[in-house]
Amino acid sequence: MLRVSVKQARAGMVLAMPVFAAGDHWGAAQDAALLNSGVELDERTIDRLREMGVGSVWVRYPSLEGLAKFADEGVFRACAQVASALSTALDPASARATARLEFGAYKRAIGSLLRKLHKAPHAAVFLGQMNDARTPMARHAGNVCLLSVLMGLKLDFYLIRERPKVAAHTAMDVSNLGLAAMLHDAGILRLEDHVLERQRARVDGPDEDDPDWREHVRLGYELLRGEIEPSAAAAVLQHHQRVDGSGYPQTVPASATNPARGMLGNEIHVFARIIAAADVFDRLRHGARAEIDAGPGELRVVRPAVAACKRMLEGAEAAGLDPIVVRGLIAAAPPFGPGTLVRLSDGREAAVCDWDLKDPCRPVVQIVPDLERGARALKTPRPERVDLRDRRDVTIIEAEGFDVRGELFAPKRLGEFDLDAMSRAAMNAAAESAVSPEIRAMLRAG
């Protein structure tokens, strides 16, 4: 099987996984499959998928059956349930209504997602945007929710360290993290109409310095406080805080010597730091307007995953993000996810089969000499796999339709992205001598 963008899909290709959507599409019920596996695509169906904003589909491809472990139908169905709940929660008409939000339904959707992920741990990888939500705003919230949950599962050791006042099993429970991420922007639709209109008129997304806009975190907190756990409510309030003291709300007042500032470092709840990273990643991938575009529309990709990861490691965004959390993001949303089609520097097209966090931009790929013909064939003769860790003369130059030659990154030190080493250092003080001083410094800084 192979993950192809709907733009790359061709008539005759056969779906390897169902396509889900959040109700109201083709008369589908909530979390029902719009198209089942085994369906052969035709031009009309492909056009309809484009209209619905479906970004990618999984199609059958000989000799790539091993990718099935990363694409679990149960996980996809649970994501559709989350997306359906979000499409209701973030509907502008519902936001103005006096009816209470269905917190029970949201909790059940998160619980179902976690159960499916525990049953299919290999599927705990972010493979692209949720196709299932009705609006860009709901889709953004769904992406942030799923990515936050996946990051939390990867960072269980860090959650234990950063939540010392609760038992380890409670600290590692990411259900409240998922709920907070799901509703992190709920306050936006409680803003006054003139504030929303002003922000939606901006081409490059909301003005983060606008004091009226900044109120959305407090509005969301007030809406959710008492309805969800305090840790989740705190994460909603703090998800625009930055570890360098920038961000908002500015909860530390000005003094004679220092200006007012936001919270610093691990003053910010670790859930909020995770949601902040997921939020930045999705904004980089899809543009800054997604969180305010509440009407129908597509959430298009403006930057490939590898470029978003690099910005979060080395760009202006890096100073405000928890470095351990960013490493967790790269583990959950690899620069080149499984099934991604790429072009190599030797001119050949390939599909990503596997990757190693020790060098995330050098995955294992399989050459796909004739994508369109191969996706329809019963077998592909002599599939060739290339481990780019062993082929330093070959690099990825194109992914997701973007030139990525300037976006690749490599570890600057041994174990920079090694979460297992970080876990050993965090969970066992005796093991600290086995990891680099830089990793120990990151863990101490939090």
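**View 1. Helices α2 and α4 packed together in the predicted model.** Let's start with helix α2 (residues 73–89) and helix α4 (residues 103–119), whose axes come within 8 Å and cross at roughly 160°. Angles over 145 degrees count as roughly antiparallel, and α2 and α4 are therefore roughly antiparallel to each other. Their crossing is left-handed. On the α2 side, the contact is made by Gly74, Val75, Ala78, Cys79, Gln81, Val82, Ala85 and Ala89. Helix α4 contributes Tyr106, Ala109, Ile110, Ser112, Leu113, Lys116 and Leu117. Please keep in mind that this is a predicted model.

**View 2. Phe281 in the largest nonpolar core.** This core holds 106 residues, and Met182 and Phe281 are the ones that touch the most other members. Take a look around Phe281: leaving out residues up to four places away in sequence, Phe281 touches Phe126, Leu147, Ala305, Ala308, Cys309, Met312, Leu329 and Ala333. Another core, of 37 residues, lies apart from the largest one, and its members include Leu35, Leu49, Val59 and Leu67.

View 3. The side chain of Gln366 is joined to the side chain of Ser63 by a polar contact of 2.6 Å.

How values were computed: Residues are numbered from 1 along each chain as its sequence is written. This is a predicted model: local features need pLDDT of at least 70, side-chain atom pairs count only at pLDDT 80 or more; totals for chains, interfaces and linings use all residues. Side-chain values use heavy atoms; hydrogens and water are left out. A polar contact is a pair of N or O atoms within 3.5 Å; within protein, one must be able to donate a hydrogen and the other to accept it, and residues adjacent in sequence count only if both atoms are side-chain atoms. A nonpolar core is a set of buried Ala, Val, Leu, Ile, Met, Phe, Trp, Tyr and Cys residues joined through side-chain atoms within 4.5 Å. Buried means under 20% relative accessible area, exposed over 50%, partly exposed in between (1.4 Å probe, protein chains only). Contact means heavy atoms within 4.5 Å. Axes are lines fitted to C-alpha atoms, for helices over the stretch in contact, and angles run from 0 to 180 degrees between N-to-C directions. Helices (H or I, at least four residues) and strands (E, at least two) are DSSP runs, numbered from the N terminus. Angles under 35 degrees count as roughly parallel, over 145 as roughly antiparallel, 65 to 115 as roughly perpendicular and the rest as oblique. A crossing is left-handed if the near helix is turned anticlockwise from the far one by less than a right angle, and right-handed if clockwise.
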